[in-house]
Amino acid sequence: MGVVNVTPDSFSDGGRWFGADEAISHGLELAAAGADIVDVGGESTRPGAVRIDEAEELRRVLPVVTALAGAGLTVSIDTMRARVAERALAAGAAMVNDVSGGLADEAMGRLVAAAGVPYVVMHWRGHSADMYERAVYQDVVREVAAELAARISALVAVGADPRLLIVDPGLGFAKHPAHNWALLARLGEVAGLPHPAAPFPVLIGASRKRFIGRLLGGPDGPRPFTGCDDATVALTALAAAAGAWCVRVHAVPGNADAVKVAARWQQELAR
Ligand code: PMM
């Protein structure tokens, strides 16, 4: 999954694809480089981000979704708003990626249930403005799995098909670096969360996140995200070999290769 952030302020690529034309060309490039899905988002979720209103979000994403879906790409809409998801689906998007897992907009569950499309349920504890205050866990993997299971039960209760649900541990969202590493190392527990319909496909969004820069940094501080793409590829290989269904990344070619390597690796293990 290649990321198309139509925002002026996303963490690693804010502003680069902010105009519709730039975003559309970028989405086409990501697909040509091997992305199976392009994820179009209009609202930044970087730590401390202030929310934009629905009209502005629609203004940003709709032309991009329309053009990329019209060009035959599989488009995911990255939004916390049911109304934005609905309009994007009508414009040709094939799936919904909701970083709040349905918590930010109570209409989202009914919308995806009625639309019958794949829905990414990410683990989330609150909006970006103050999310680190909520990064308190005894056992992060068990708690994230349990909270995702509760979201899935709520979604199924309003009619969502569990076979269309994809789970995501939400790396960096109300999580400190140690939490992210624990979740990555125990992905199987995230997929096998305590719900009758488990295991679920898992999506991982590690690309260029701050915890990678912290690992690679030195005494002068974290390494800038521009130097984190090789480590993202390493994480992609490990996550895919551990069974992740999808990785959400900014730079596609190396990650697409890593997914192929992991698939071949798994094929050998299964012999
Ligand atoms: N991370 C960001 C945005 N959307 N969606 C999912 N499902 N998982 C994520 O981890 C995720 C996401 C923030 O990253 P960016 O601003 O660098 O694109």
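These legends accompany several close-up views of a predicted model.

View A. Let us start with the ligand, which has 17 residues around it; N5, D78, N97, D168 and K209 come nearest. The side chain of N5 places an N or O atom 3.0 Å from an oxygen atom of the ligand. In the side chain of N97, an N or O atom is 2.7 Å from a nitrogen atom of the ligand. Two or more residues of the shell come from each of the strands β1 (2-5) and β5 (119-122).

**View B. R208 and its partner D229.** Here we turn to the loop between β7 (203-204) and α8 (210-216), where R208 has its place. The side chain of R208 makes a polar contact with the side chain of D229, at 2.9 Å. Is R208 buried or exposed? R208 counts as buried because its relative accessible area is 13%, below the 20% cut-off.

**View C. The aromatic pair W181 and F211.** A search of the whole structure finds 1 aromatic pair. W181 and F211 form this pair in an edge-to-face arrangement, with 5.1 Å from centre to centre and 80° between the planes. The pair links distant parts of the chain: W181 belongs to helix α6 (residues 177-185) and F211 to helix α8, 30 residues apart.

**View D. The largest nonpolar core.** This view takes in a core of 72 residues, in which V40, V75, V96 and I204 have the most contacts. Helix α5 (residues 140-157) contributes the largest share of this core, with 8 residues.

**View E. V40 and its contacts.** Now for a closer look at one of the residues with the most contacts inside the largest core, V40. Leaving out residues up to four places away in sequence, V40 touches V4, V6, V61, V64, V65, L68, V75, S76, I77 and D78. Among these contacts is V75, itself one of the residues with the most contacts inside the core. D78, also touched by V40, is one of the residues that come nearest to the ligand.

Technical notes: Residues are numbered from 1 along each chain as its sequence is written. This is a predicted model: local features need pLDDT of at least 70, side-chain atom pairs count only at pLDDT 80 or more; totals for chains, interfaces and linings use all residues. Side-chain values use heavy atoms; hydrogens and water are left out. Helices (H or I, at least four residues) and strands (E, at least two) are DSSP runs, numbered from the N terminus. Buried means under 20% relative accessible area, exposed over 50%, partly exposed in between (1.4 Å probe, protein chains only). A polar contact is a pair of N or O atoms within 3.5 Å; within protein, one must be able to donate a hydrogen and the other to accept it, and residues adjacent in sequence count only if both atoms are side-chain atoms. A nonpolar core is a set of buried Ala, Val, Leu, Ile, Met, Phe, Trp, Tyr and Cys residues joined through side-chain atoms within 4.5 Å. Contact means heavy atoms within 4.5 Å. Rings of Phe, Tyr and Trp (its six-membered ring) pair if their centres lie within 6.5 Å; planes under 30 degrees apart count as stacked, over 60 as edge-to-face and the rest as tilted. A residue is near a molecule or strand if one of its heavy atoms lies within 4 Å of it.
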